[in-house]
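Me: I would like to go through this structure with you. Could we begin with how burial is judged?

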Amino acid sequence: MTAGYALGEGADAIIATVRVHAVASAGLIPLLGGKRVADSSASAQPLQDAITQVRHYYPDAALRDVHAVYLVKRGVLQSGRAATLRYEDLFAGQRQKIDLDIYMFCCVDDGMVYEFRIRHAADNNAAWAAIPFLQALDWSVPSRPDDR
């Protein structure tokens, strides 16, 4: 499942894409057994796969940063991985350098991978909009008998 969002306009434009994958379809092996927990280690390979996909379309994309990231979801601190790639493309009506921030969270027990891609003009601080956006999106929890 993929959904796209546009935040702001002109030089401050931000394009956000959210993808939700089943862990099985991403070829992942869960590393933790804690309920409703996103694991940073499990997110490493899906993040690398996302970077490879971007470089397929933008071979000159420069990897600028890879680091751990955290969000509070479902009342629990969730751990994931993030990377920033820089490349040139058409954005906000003009060809320019853009930064693509990829945030990856693998929720081990619920078997879902949440991938957020935030595109914005290079060196434009998008954290003011990106972090509240990531935090506000709900992670659905399947109804299970053991959760009642």
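Reply: A residue counts as buried when its relative accessible area is under 20%, and as exposed when that value is over 50%. Please note that this is a predicted model.

Me: Then is C107 buried or exposed?

Reply: C107 is buried, because its relative accessibility is 1%. C106 is buried as well, with a relative accessible area of 1%.

Me: How many disulfides are there?

Reply: A search of the whole structure finds zero.

Me: Changing topic, which residues make the nonpolar surface patch?

Reply: Y70, V72 and L77 make a patch of about 320 Å². Within it, L77 is exposed, with a relative accessible area of 54%.

Me: Where does L77 lie, and what is its link to V72?

Reply: L77 lies in strand β4, residues 76-91, and is the bridge partner of V72.

Me: How do β3 and β4 run, and what joins them?

Reply: Strand β3, residues 62-73, runs antiparallel to β4, and eleven bridges join the two. They form a hairpin with two residues between them, and R74 in the turn has a positive phi of about 60°.

Me: Lastly, where is M112?

Reply: M112 is in strand β6, residues 112-121, and is partly exposed at 25% relative accessible area.

Definitions and conventions: Residues numbered from 1 in each chain as written. Predicted model: local features only at pLDDT ≥ 70, side-chain atom pairs only at ≥ 80, totals over all residues. Heavy atoms only, no water. Helix = DSSP H or I, 4+ residues; strand = E, 2+ residues; numbered from the N terminus. Buried < 20%, exposed > 50% of the residue type's maximum accessible area, 1.4 Å probe, protein only. Patch = residues over 30% accessible without salt bridge, like charges linked within 9 Å, V, L, I, M, F, W, Y side chains within 5 Å. Areas by Shrake-Rupley, 256 points an atom, 1.4 Å probe, with all protein chains shown as cover. Salt bridge = Lys/Arg side-chain N within 4 Å of Asp/Glu carboxyl O. Pairing = 2+ DSSP bridges. Disulfide = S-S within 2.5 Å.
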